[in-house]
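Visitor: Hi! Could you put the model on screen and walk me through it?
Guide: Happy to, here it comes.

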Amino acid sequence: MGTRKSVAVLTATEKSNFVAAVKALKAQSSGRNYDWFVRTHMTYFNAVNGHNYAHMSPSFLPWHRQYLLLLENALKAINPAVDLPYWNWTANRSTTGAPFTSDFMGGNGADGNGPVLSGPFAGSTRWRINVSATSSTSLRRAMTLRGSLPTGSDVDTVLGVSTYDVSPWGSSSGSGMRNRMEGGLSPGLHGRVHNWIGGHMAQVDSPNDPVFFLHHCNIDRLWSAWQNRWGYGADRYLPGGGVANVVDVDEVLEPFGVTASSTLDHRGSYTYA
Ligand SMILES: [Cu+2]
């Protein structure tokens, strides 16, 4: 059972273990290596077989929960001591503080949307972009140029919405927690953070930036906090059934082959510190 901690409290060893495991996963030549995760996110960014599995749908949260768990398990296969950390962007809001330090994720890109200049993922020799929407082989960031990071009060607003999601179950849903969390409805937590970092994080191949996983771990933590408040049961996910082209609670999340309901109570696999 893993405990997922904030990036702000990681020890030097925990940071170097995480970076080393991510790089080892990148170096694997086949199977569910790092680039498999990038490719899978690109494939499922838009609808597959008429279903929006990963985005703009109720299954945004379960899909990414399962995706993160697969990545965390792949890292644990390399080093069992590694747990996925989360980046709480309401508390750690500097482009030079955690997690953007030179011993962890590295800092900003050059001149707005240029290559990252510091840290273990700077430059195509240390961290090569192989699977991408663009031709850049170096990781890019353009922090602070687009929009702002959500605040603690934005988070409180989202966690206070008791209904999981509403029809039409997409980016135009006018109420519910999920679309506020994902970004289609104000205050729009998840999408704002992608745009604030910019570069690869603002593209369909955003998992090329390892910060993706720290950000999505925080989104998963916030969903967990919402569940802790309103309930982990299958009745807390919507829709319960009968909605075509939407993952109902008992339908399968592709390509993972598990149902949405199986992801709801994560407490047997990991908890948040
Ligand atoms: Cu995202």
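Visitor: How are the donor residues of the copper ion spaced in sequence?
Guide: The pattern is H-x3-H-x21-H. Histidine 194 sits in helix α6 (residues 189-197) and histidine 216 in helix α7 (residues 211-230), so that pair links parts of the chain 22 residues apart (helices are DSSP runs of H or I, at least four residues, and strands are runs of E, at least two, numbered from the N terminus).

Visitor: Which atoms are the protein donors?
Guide: They are NE2 of His190, His194 and His216, lying 1.9 to 2.0 Å from the copper ion. Donors here are N, O and S atoms within 2.8 Å of the metal (3.2 Å for Na, K and Ca), and sites may look incomplete because water is not among the atoms.

Visitor: What should I know about the model itself?
Guide: It is a predicted model, where local features need pLDDT of at least 70 and side-chain atom pairs count only at pLDDT 80 or more, while totals for chains, interfaces and linings use all residues. Residues are numbered from 1 along each chain as its sequence is written, and side-chain values use heavy atoms, leaving out hydrogens and water.

Visitor: Histidine 194 and histidine 216: buried or exposed?
Guide: Both are buried, where buried means under 20% relative accessible area, exposed over 50%, and partly exposed in between (1.4 Å probe, protein chains only).

Visitor: Changing topic, how many salt bridges are there?
Guide: Twelve in the whole structure, counting a side-chain nitrogen of Lys or Arg within 4 Å of a carboxyl oxygen of Asp or Glu.

Visitor: What is the N to O distance for aspartate 220 and arginine 65?
Guide: It is 2.6 Å in their salt bridge. Aspartate 220 is in helix α7 and arginine 65 in helix α3, 155 residues apart. Aspartate 220 counts as buried because its relative accessibility is 3%, and arginine 65 counts as buried at 3% too.

Visitor: Which residues are in a network of salt bridges?
Guide: Arg4, Arg65, Glu72 and Asp220 are linked that way.

Visitor: And where is histidine 266?
Guide: Histidine 266 is in the loop between α8 (260-264) and β6 (270-272).

Visitor: Why does it count as buried?
Guide: Because the relative accessible area of histidine 266 is 4%. Beyond neighbours within four places in sequence, the contacts of histidine 266 include Arg65, Ser224 and Tyr272, contact meaning heavy atoms within 4.5 Å.
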